[in-house]
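Me: I'd like to learn how to read salt bridges in a structure. Can you walk me through some?

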Amino acid sequence: MANVDGFPRVIDPRKVGTYPARAGAGGGYVWDDVLEYRVWCHPERGAKDLCEGNDYYYAFESYAGARDFSQKTEGAEEPLALIVQREYIDEPEPHQFTHVKQERVTEWPVDFLTRPRRTDTTILEFLAEVNLDRALAKLRGDTVDGS
């Protein structure tokens, strides 16, 4: 379900701000849940120095709250979404996709949330389509990258 700002609600508002600062970055193509929205602040760009010169972040329950804070805070980045992926699509090499059934937490640019939320069939349908295209290209004798 989405907030009034059109972006997904966090899965558990009581946990916002309790997740580790370190997270993966980007990737995976699909997402399961939003854990929190983050705004990173950089003292070297004018943010208040609250951590002995180190970067730090504020966590929010909504994109709108994060966006408003980001816009009025000197040295702040655009908001990011901290998401959980219980399964995801890995692309170790261009156009080579694998289905990974392992949970990971990662930060995404908020606009990545327009990508599909994972369902039981999202990844399988994607891989079937990709594999079908490669198989047809081979049958037709077309050159296929990586083969």
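Reply: Here is a short tour of charged pairs. This is a predicted model, where local features need pLDDT of at least 70, side-chain atom pairs count only at pLDDT 80 or more, and totals for chains, interfaces and linings use all residues. Residues are numbered from 1 along each chain as its sequence is written, and side-chain values use heavy atoms, with hydrogens and water left out.

Me: How many salt bridges does a search of the whole structure find?

Reply: Side chains of opposite charge can pair when their charged atoms come close. The term means a side-chain nitrogen of Lys or Arg within 4 Å of a carboxyl oxygen of Asp or Glu. The whole structure has 9 of them.

Me: Is Asp-12, which bridges to Arg-14, buried or exposed?

Reply: Buried means under 20% relative accessible area, exposed over 50%, and partly exposed in between (1.4 Å probe, protein chains only). Asp-12 is buried, because its relative accessibility is 14%. Arg-14 is at 74%, so Arg-14 is exposed. Their closest N and O atoms are 3.0 Å apart.

Me: Which residue pairs with Arg-86 in a salt bridge?

Reply: That's Asp-33, at 2.8 Å from N to O. Arg-86 sits in the loop between strands E4 (80–85) and E5 (88–93) and Asp-33 in strand E2, so the pair ties together parts 53 residues apart in sequence. Strands here are DSSP runs of E, at least two residues, numbered from the N terminus. Asp-33 and Arg-86 also belong to a salt-bridge network with Glu-103 and Arg-117.

Me: And what does Glu-36 pair with?

Reply: Arg-38, with the closest N and O atoms 2.7 Å apart. Both residues are buried.

Key: Helix = DSSP H or I, 4+ residues; strand = E, 2+ residues; numbered from the N terminus.
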